[in-house]
Amino acid sequence: DHRVPSAHPDGAVMAEVPVLRTPWTTRELLAAYAQAWRDLIGGEPTRTALALLWAQASLECGRNGKSCFSHNVGNLMAFSSWKGSYHVLRSAPECGDPNNLPPGATRLITSQVACAPGKVPYIPAGGSRFRSYESFAEGCHDKLGVLAKQWPRAVDALISADEPADAEAFVRGLAGY
């Protein structure tokens, strides 16, 4: 669940923007994450840390970001606390309490959407709002910041990651993601 209260880095006012597909190259994504790392954590990320961030972004958006929109590499949602621009995807499923779905929501009966125990997949009546960014640099910066705030154990695992075996600690740190 990506329901993370956050403020847009430049303090912009929330505004809907058109859906824009923004696939990435591996080099482009890794460069953006490396800069975000230097800005937020300091020092240089290890190759393993970057590989794990690439893998997580690929899980969210498909390899090379084939399903990435508006440079949102983490598919971070734009809830009411988000003050930046956002785009709306009309068919993006969310997970919720089966006894308290939003008005007009369409409950999905599918095994292709993984929800936490006790939650069910649904499509909100007006679609789902996702954060939009001007660049991968901005999207990676926000994603790494959200990880650091909401899943600090995962970021601790990234900081100490120096071999592929450290992937397990990163995944354990994402408990509840």
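For a chain of 177 residues, a compact globule would have a radius of gyration near 16 Å, and the protein chain, at 16 Å, agrees with that. Keep in mind that this is a predicted model. The C-alpha trace spans about 50 × 35 × 25 Å along its principal axes.

Let's turn to the fold. The protein chain holds 5 helices and 6 strands, and their order along the sequence is β-α-α-β-β-β-β-β-α-α-α. Among contacts between residues at least 6 apart in sequence, 74% join residues at least 24 apart.

Here are some values for the whole chain:

| Property of the protein chain | Value |
|---|---|
| Buried share of the 177 residues | 42% |

As for charge, the protein chain has 17 positive and 17 negative charges, and their mean positions are 6 Å apart.

Now let's zoom in on one residue. Valine 73 sits in the loop between α2 (47–61) and β2 (85–89). This residue counts as buried because its relative accessibility is 0%, where the cut-off for buried is under 20%. Glycine 84 lies 11 residues from valine 73 along the chain, and the C-alpha atoms of the two are separated by 16 Å.

How values were computed:
Residues numbered from 1 in each chain as written. Predicted model: local features only at pLDDT ≥ 70, side-chain atom pairs only at ≥ 80, totals over all residues. Heavy atoms only, no water. Helix = DSSP H or I, 4+ residues; strand = E, 2+ residues; numbered from the N terminus. Rg over C-alpha atoms; globule rule 2.2 N^0.38 Å. Buried < 20%, exposed > 50% of the residue type's maximum accessible area, 1.4 Å probe, protein only. Contact = heavy atoms within 4.5 Å. Lys, Arg positive; Asp, Glu negative; His and termini not counted. Charge placed at Lys NZ, Arg CZ, Asp CG, Glu CD.
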